[in-house]
Amino acid sequence: MRVGVLGTGRVASVLGSRWAAGGHTVVFGSRDPAAEKARQLAARLGANATVGTLADAVREAEVVLLATPYDAAQKLLESLGDLGSRVLIDCSNPLKPDLSGLVVEGGESAAERIAGWARGGRVVKAFNVASTATMAQPRYDGQAASMFYCGDDRDAKTLVRQLVADLDFEPVDAGPLRCARYLESLAMLYIHLAVREGWGSHCAFRMRRRDPPPL
């Protein structure tokens, strides 16, 4: 699969590098490919990944990962123009600076707002409820951590499900894109546990299911 990654930070580098290591073709997009962070990332990449401009990352991509802070998303997406039905994975969390809550109001999620800014894009929410430590190694005691995803386009969700599974997560379909508001709230619970309750970054959610007992 051809994957464009918008950003060169920790989430971008971990997810993009792992997809490239698994055989996907990955192009990281940076506002300044000559910047030190972009050059350091380029030096660590294998044969399946390169670093270019934001436009380079989108140009040939089937799926684009938006791995920038939420407050930078609108300007970046509007600068890209029409995404031409590409799948856009939103992994952002609209956090207040002090991590005390979310900046979105009125029940609307960041993902739903991003869907309005991403002209022509098919938005799927994913990768917002795990630390980069878990993204790098999703297995805990031999069991895969769950990764929730949601969106309104069935084919887009199928592609994202495959990318989730390729990273050794357990994919969990959380429903339509409006359910992103629940995933963003779940991220707040994760942050509370990891930061304020001392669990740290090496913890993850996992869904379990069993058949109901006979009547």
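Four aromatic pairs are found in a search of the whole structure, a pair being rings of Phe, Tyr or Trp (its six-membered ring) with centres within 6.5 Å. The structure is a predicted model, in which local features need pLDDT of at least 70 and side-chain atom pairs count only at pLDDT 80 or more, while totals for chains, interfaces and linings use all residues. Residues are numbered from 1 along each chain as its sequence is written, and side-chain values use heavy atoms, without hydrogens and water.

**Aromatic pairs**

- The ring centres of Phe-127 and Phe-169 lie 6.2 Å apart with planes at 70 degrees, so this pair is edge-to-face (planes over 60 degrees apart; under 30 is stacked and the rest tilted).
- Phe-127 belongs to the loop between strand E6 (122-126) and helix H6 (132-136), and Phe-169 to the loop between helix H7 (154-166) and strand E10 (170-173), so the pair ties together parts 42 residues apart in sequence.
- Both Phe-127 and Phe-169 are buried (under 20% relative accessible area, 1.4 Å probe, protein chains only).
- Trp-19, Phe-127 and Phe-169 are linked into a cluster by ring pairs.

**Largest pocket**

- The largest pocket holds about 910 Å³ of space (an open set of points on a 1 Å grid, where a 1.4 Å probe fits, with protein on both sides within 12 Å along at least five of seven lines; the volume is the space filled by probe spheres set on the points).
- Its lining comprises 37 residues, with Arg-10, Val-11, Cys-91, Asn-93 and Thr-132 nearest the centre; lining residues have an atom within 4 Å of a point.
- H8 contributes the most to this lining, with five residues (helices are DSSP runs of H or I, at least four residues, and strands runs of E, at least two, numbered from the N terminus).
- By class, the lining has 21 nonpolar, 13 polar and three charged residues (Ala, Val, Leu, Ile, Met, Phe, Trp, Tyr, Cys and Pro are nonpolar, Asp, Glu, Lys and Arg charged, and the others, Gly among them, polar).

Technical notes
Buried < 20%, exposed > 50% of the residue type's maximum accessible area, 1.4 Å probe, protein only.
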